[in-house]
Amino acid sequence: MYMENNFLLTYLLLIPLLGSLLLLFINKEKESLIRWAGFGIALLAFILSLVIYLRFDPGQSGFQFVNKITWISKINVSYHVGIDGISILLILLTTFLTPITLFSSWKSIKKKVKEFTFFMLLLEVGMIGVFVSLDLFLFYVFWEAMLIPMYFIIGIWGGEQRIYASVKFFIYTMFGSLLMLVSIIWLGVYAASFTGTFTTNLLDLYKIGPGVPHQIQVFMFLSFFISFAIKVPLFPFHTWLPDAHVQAPTAGSVILAGVLLKMGTYGIIRFCLPLFPQSATEFAPVISVLAIIGIIYGALVAMVQKDMKKLVAYSSVSHLGFVVLGIFAMTTEAVQGSVIQMVNHGLSTGALFLLVGMIYDRTHTREISNYGGIAKIIPLFSFALMFASLSSMGLPGLNGFVGEFLILLGSFKSPVLNSWAYTIFAASGVIFAAVYLLWMYQRVVFGEVKHQNLFSLKDLEKREIAILIPIFIFILWIGIYPGTFLKLSEKSTNTVIQQVLVNPNTDVKVAKQ
Amino acid sequence: MEFHSILNSLTYLAPEITVSAALILVVLFDLILGKNKKALPVIALAGMVAASFFVFQQMTFNGFAFSKVSQPWINVGMITVDSFGAFFKSIVILATVLVIFFSFSSEEIKKSFDRLGEYYTLVLGMVLGMFLMISASDLLLVYLSLELVSLSSYVLAGFTKLRERSSEAALKYIIYGAVSSGLMLFGISILFGMTGSTNLYVINSLLQAPNINHLALAFAGILIFAGIGYKISAAPFHFWTPDVYEGAPITITAFLSVASKAAGFALLIRFVKITFISGVAPSGHWQMIPAFPWKEFLIVISILTMTLGNFSALWQTNLKRLLAYSSIAHAGYILMGIAVLSNQGLIAVLIYFGIYAFMNLGAFFIVMLIANKIGSEELEDYKGLGYTMPFLGVTFGMFLVSLIGLPPSAGFIGKLYLFIALVDAKMIVVAVIALLNTVVSLYYYIKVLREMFLAKPASPSTAFKLSPLSLILIIVMLAPVVIFGVYFNPIVEFAKGCVTILGL
């Protein structure tokens, strides 16, 4: 582990933060300047994250690029950031999607451009912050601070029901995170009985968490887990998601699906598992069942949606179910599959939301029944939609397949779950995904042209193609050669699994493997 | 009492004497100057500045004024001067100075121009009463100072004579006030009957005896709490709060919600700690006389208070009423910190109160500025305010975020320390209830944000010029709310230095 201070991650946080403040000084009439500035700042953050990626050493198991500055010495809270192979993937995803969404909203966001760009950059700070925090206090600050920009993004630039959706989103998430706050404090106070001082340092708590008495550990685990499960969202905590997704502007949906939901699953990997290994293994079967219900339920509900955006939103519930299942299977393959699936979902669902947004900008309707036969009119769009759908349903050769396959494989031989039934049921989700996506595709793209005004549709323009191409490149890359990405997360995934399974308190019959 | 002892006491009473002098000067100048009222607030401010100088000196003082040396076994007095009292006095001074500045730009106060003399006299009268309340360690003085504050505030609540609501508020205030001070007096008489003394320290030493009548003591405790609970608007003595807060001029509402609460909390903490303590454990927990279960009692009251406050606030459409209920809820959070009955809980309470003073005064000030402009405090008229008055909208939003307790605002730090104190004392269930309450409160606070930023403006944007004074005031109140959210060492250190309550 690098112990000397490395400020790269701090710079990565500062770029969007200072950038967003800088934006405030630009006259709001100069919309194109604001757009370019916002895009430029986000791009700069992406370039810096690439530098971090190039310097990242996947051979190490600990945290890298650690930067630790004492913040409040009295309660032992510090500004402590660092990344491992899991967080670097999510940071890359965040910095990759942010400029894309900003670029994509150049046409769809017409009012209050300055405020929009400001909130998007602020959101990026929060998202990166969540993925790099190695101090629970710092993590909580970023986690909560992100709510306000997202509340405004949905509430100001959203659809008809935006106010209802934004309030619901806010209250759900806040409820979960306050539960977590009590647990964080509890953990800190518990740590104080060993080390003498209150602490929220994650690396110290890793040593203390597993030793928490069992009854208390269950409560702590659950309060952390519910907070993350709401964010994921795991069935039955998912009801805020369709509202938020459908009402949010395209850029909001992409960020929501692409990154915000991943914060939940990331939180489970980073905090729930290593801090409370005993409870995590005990609850693994129950949570896996919920995950599978989510997979099947999300898929079935997606199947009957009339609204394309809602369909994609419910497909998220289904896909994230896979991720949670993979995490709680706790084998190297499954957890690695989950990590890669988080990235995959960000890319595929992001692309689907972008495409739905693009066609919505043209026709102002998302009803599937209003479309039909557009394959001949806008072939490029139809191809792009095909590509994104196939990636989302997990066609071999594209990214979705890699993640789902690894998760299913890993959960099949999981010593924690110890039953093949999970895999069988989960696998049915893959079939359902094919059904709802292909059926949607067929109704939208093929068949008779139902409405005369569809004939005047314009195909994708250069800007839109430029938005989609980078995403499609990564979709193909992960699909054909996932090794680039799996290599990054391998060591860190193993570390997490070691923390859970090689623990005196966890009672897992590894021999059965 | 010897002359020498009285002379000695004067050094301890410097802040109170200064305030009294300022009060007299305001009355005199009001008579001499006649129509020219410009000097009055200046005198009041000068008095507060001088008082603050003496209060800062008291940060390191420990002692009694008017001590009874004649009682050989204990050397105690009516007025206790310690750093704990100095902390709350400085909160009162802060609130007073800000409220005097608020009054400069308040349309309501400007309309009653000819009675400004009364206004500042009564405000200073309240300050004097609150100073005495904060330092009182004798039941007689407790009662007298409480009445001084109450009587001044009754008149101030009804200050805008022409408004019906204002008069109604004053009347309700008096009736509730009379009842609760009557109850308190009854409690005091029981306590006096049991111990034969009005001095809290003497009472404490007598209560240590094993043969105390628990029932009588519990009765007295609850009755006295009724008097104090009314001042801090703790449930079930909170019924006056929304009506009075709505009817009173906004400057006075802001003043009541911070200064008078500060004095009430100081009195409560001092009364509970001095009278009922039997020792302090090395961990900082207060060991209480088993005769009265203060911990359980305060927990129940605090849960009641915050839950009632938060749930009632949900249905409010008037900003002043909404903030009134929100201040009841905050009183509940603070009571929870007191219920920990430890030094750590006390530190958390002080931190919370220090932050609460800034964010609550700030919120009320902006409501006042908006009311000056649009002539309404109804939530409905706040539609699109974030766009028609962007500066006020955004700053109000920041105060509200801090009242919710979201990071990275100071309100979060206040809550964090309260929760740490609770969890440390193994009062997890209380902490969880407080947290659920926070979720409820989220709803009505964001309701305001929603109206301001998500709804379309009802009227086209009108030019709104903020006076430089208002701008400076907002920044003065906003700066701590923002800075303490990120860097809170100063306020924590300050609070830690102010936990000394003379006594065990």
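I began with A:Lys168, which lies in helix H7 of chain A, residues 162-195. The model is a predicted one, so I looked up confidence further down.

**A:Lys168.** Is this lysine buried or exposed? I find A:Lys168 buried, because its relative accessible area is 18% and the cut-off for buried is under 20%. Setting aside neighbours within four places in sequence, I list its contacts as A:Thr239, A:Trp240 and A:Asp243.

**Confidence in chain A.** I noted an average pLDDT of 84 for chain A, with 97% of the residues scoring at least 70. Residues 508-513 of chain A fall below 50. I still count nine contacts for that stretch in the model, beyond near neighbours in sequence.

**Interface of chain B and chain A.** I find 31 residues of chain B in contact with 32 residues of chain A. The two chains bury about 3200 Å² between them, and 84% of that is on carbon and sulfur atoms. How many salt bridges are there between chain B and chain A? The count is zero. I did get three residue pairs in polar contact across the interface, both residues at pLDDT 80 or more.

I then asked which elements give two or more residues to the chain B side. They are helix H17 (390-404), helix H18 (410-424), helix H19 (428-454) and helix H21 (489-496) of chain B. H19(B) gives the largest share, twelve residues. By class, I have 25 nonpolar, two polar and four charged residues on the side of chain B that touches chain A.

**Cis peptide bonds.** I recorded a cis bond joining A:Phe235 and A:Pro236, with omega about 0 degrees. A:Pro236 sits in the loop between helix H9 (214-231) and helix H10 (240-247) of chain A. B:Pro408 is in the loop between H17 and H18 of chain B.

**Positive phi.** A:His364 has phi near 60 degrees, a positive value in a residue other than glycine. I place A:His364 in the loop between helix H14 (332-363) and helix H15 (379-393) of chain A; it counts as exposed because its relative accessibility is 56%, over the 50% cut-off. B:Lys426 also has phi near 60 degrees. I find B:Lys426 in the loop between H18 and H19 of chain B, exposed at a relative accessible area of 69%.

**A:Ile480.** I looked up A:Ile480 in helix H18 of chain A, residues 462-480. A:Ile480 counts as exposed, at 63% relative accessibility. Its C-alpha atom is separated by 27 Å from that of A:Leu256, 224 residues apart along the chain.

Methods:
Residues numbered from 1 in each chain as written. Chains lettered and ligands numbered in written order. Predicted model: local features only at pLDDT ≥ 70, side-chain atom pairs only at ≥ 80, totals over all residues. Heavy atoms only, no water. pLDDT = per-residue confidence, 0-100. Contact = heavy atoms within 4.5 Å. Buried area = accessible area lost by both parts, 1.4 Å probe. Salt bridge = Lys/Arg side-chain N within 4 Å of Asp/Glu carboxyl O. Polar contact = N/O pair within 3.5 Å; in protein donor to acceptor, adjacent residues only side chain to side chain. Helix = DSSP H or I, 4+ residues; strand = E, 2+ residues; numbered from the N terminus. Nonpolar A, V, L, I, M, F, W, Y, C, P; charged D, E, K, R; others polar. Buried < 20%, exposed > 50% of the residue type's maximum accessible area, 1.4 Å probe, protein only.
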